[in-house]
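Dear colleague,

I am passing on the structure below, together with some notes on its salt bridges. Please read them alongside the coordinates when you have a moment.

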Amino acid sequence: MNRTANPKELPLDDDNGPLYVAQKKVYPQSTSGTFRRIKWGLMAFCLGVYYFLPFVRWNRGLGAPSQAVLIDLPNSRFYFFFIELWPQEVYYFTGLLIVAAVALFLMNSVGGRIWCGYLCPQTVWTDLFYAVERLIEGDRRERMKKDKSSDPMKLERISEIVLKHSIWLLIGWWTGGAWVLYFNDAPTLVKELVTFQAPMLAYVWIGILTATTYLLAGYMREQVCTYMCPWPRIQAALTDEWALNVTYRYDRGEKRTSVKKAAELRALGQQVGDCVDCYQCVAVCPTGIDIRNGPQMECIQCGLCIDACDNVMTKIGRPKRLIGYDNDVNIQRRQEGKAPIYRIVRARTVSYSAIIAAVGGIMIYTLATRSLLDVNVLHDRNPVAVRLSDGSIRNAYTVRLLNKSGYDRVIAIDASGPVNATIHVIGIDSVTPDRPMIVVPRDSTSELRLLVTASVEGNPEKSIPVHFHVTDIGLGEVASATDNFVAP
């Protein structure tokens, strides 16, 4: 017979260890090579765009903001060079998120964690902080020696630590300052920040982003990638056997031995690998792992171990790419004496590319063909309809006209549906009473109270669709909206 177990009676396993592994400080060594140059270039590009894009100007006409990229929250606008998006067009951001997500999947299916190793903000800023650290404190061996020094309170050491953290905080402050510049005119806000006349909210956000940049890139570093970021777990479920990942080619590297020992064993006719067990791949790794142990969640696939290994192979006169972008399928093929196969174009990558092209194409088409004139209509609910003394029926509507262009428009309003219907705009006298005309200012909305009156004759139904048409008198552009004309 089953019974509920008493927790106190359950055996305790003292060998499980702690719930998490204590952080071990990583001292990545500098290296040079193809992938290091790629990382330098991408870091310079990404940081340059982030820090300086708010200062790029774009002429949108008199009275319009001249900042190329601006999130104008007070006026509910988003500006991106020649594109201006309104709150009603939030679906463009939805499409952009879809494209970004599928592009991430595509990168993963082609080259593994390309995003993590080269483009992720955590990687970019951590790389920048490491560069500052090396410049001030020296490379891997110097930093390790200084941290283990028996006299860490030397004046020279204290000055290095103060200088390093001061530059880190300055980078964090610049990062926070650049962020708030996307929400207001950059030159104006910079002047206000310097003279302490900026809104308090700007200082708060600068402080928050200064602290997070300083902590994440200066202290937490690889811990963010290993424990905080969900992408390593998701990425593992999205990859397949043909995806290229940073891989130790054990078919060529094993058995490991020193250069001198390898020469002796080869002279005796024994099989040895090219790996000389120098641990340079471990020394340069920003997460401190050994790529030779196979695929690991901690690996961000930055390619620095490839550069380090290539440099060693060049020095000892052996072929490069003992570590490279590869997969287990090709390792098995080489062990069998077959040529490697690289399938970049396959069903998975074609599907992701097709989704990106389709969503991107739809977004570009709708953006290119969208109307800069729009109208929204809301029927009054109380009362829904009024019967006048002559027996005719009157319905009231709230009409909102949207002029998304950079110039004023003269708009004519028409209504169709009810027989012999007349329109009157409350509070506006028009020279054409049967067809009201109003001026809608540039880049703005105008809200009107509009009355539609129709006789009972010819409109016997309880509810009739009424179509509102607004026409730009100068350009002939038309926008429409539909509601109901009801009887009391």
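A salt bridge here is a side-chain nitrogen of Lys or Arg within 4 Å of a carboxyl oxygen of Asp or Glu. This is a predicted model, in which local features need pLDDT of at least 70 and side-chain atom pairs count only at pLDDT 80 or more, while totals for chains, interfaces and linings use all residues. Residues are numbered from 1 along each chain as its sequence is written, and side-chain values use heavy atoms, with hydrogens and water left out.

The structure holds 34 salt bridges. In one of them, Lys-39 pairs with Asp-127, with the closest N and O atoms 3.7 Å apart. Lys-39 lies in helix H1 (residues 34-52) and Asp-127 in helix H4 (residues 121-137), so this pair ties together parts that are 88 residues apart in sequence; helices here are DSSP runs of H or I with at least four residues, numbered from the N terminus. Both Lys-39 and Asp-127 are buried, where buried means under 20% relative accessible area, exposed over 50%, and partly exposed in between (1.4 Å probe, protein chains only).

A further salt bridge joins Glu-133 to Lys-164, the closest N and O atoms being 3.2 Å apart. Because Glu-133 lies in helix H4 and Lys-164 in helix H6 (residues 155-181), the pair ties together parts that are 31 residues apart in sequence. Glu-133 counts as buried at 3% relative accessibility, and Lys-164 counts as buried at 6%.

Lys-338 also forms a salt bridge, with Glu-336, at 3.5 Å between the closest N and O atoms; Lys-338 counts as partly exposed at 43% relative accessibility, and Glu-336 as exposed at 52%.

How values were computed
Helices (H or I, at least four residues) and strands (E, at least two) are DSSP runs, numbered from the N terminus.
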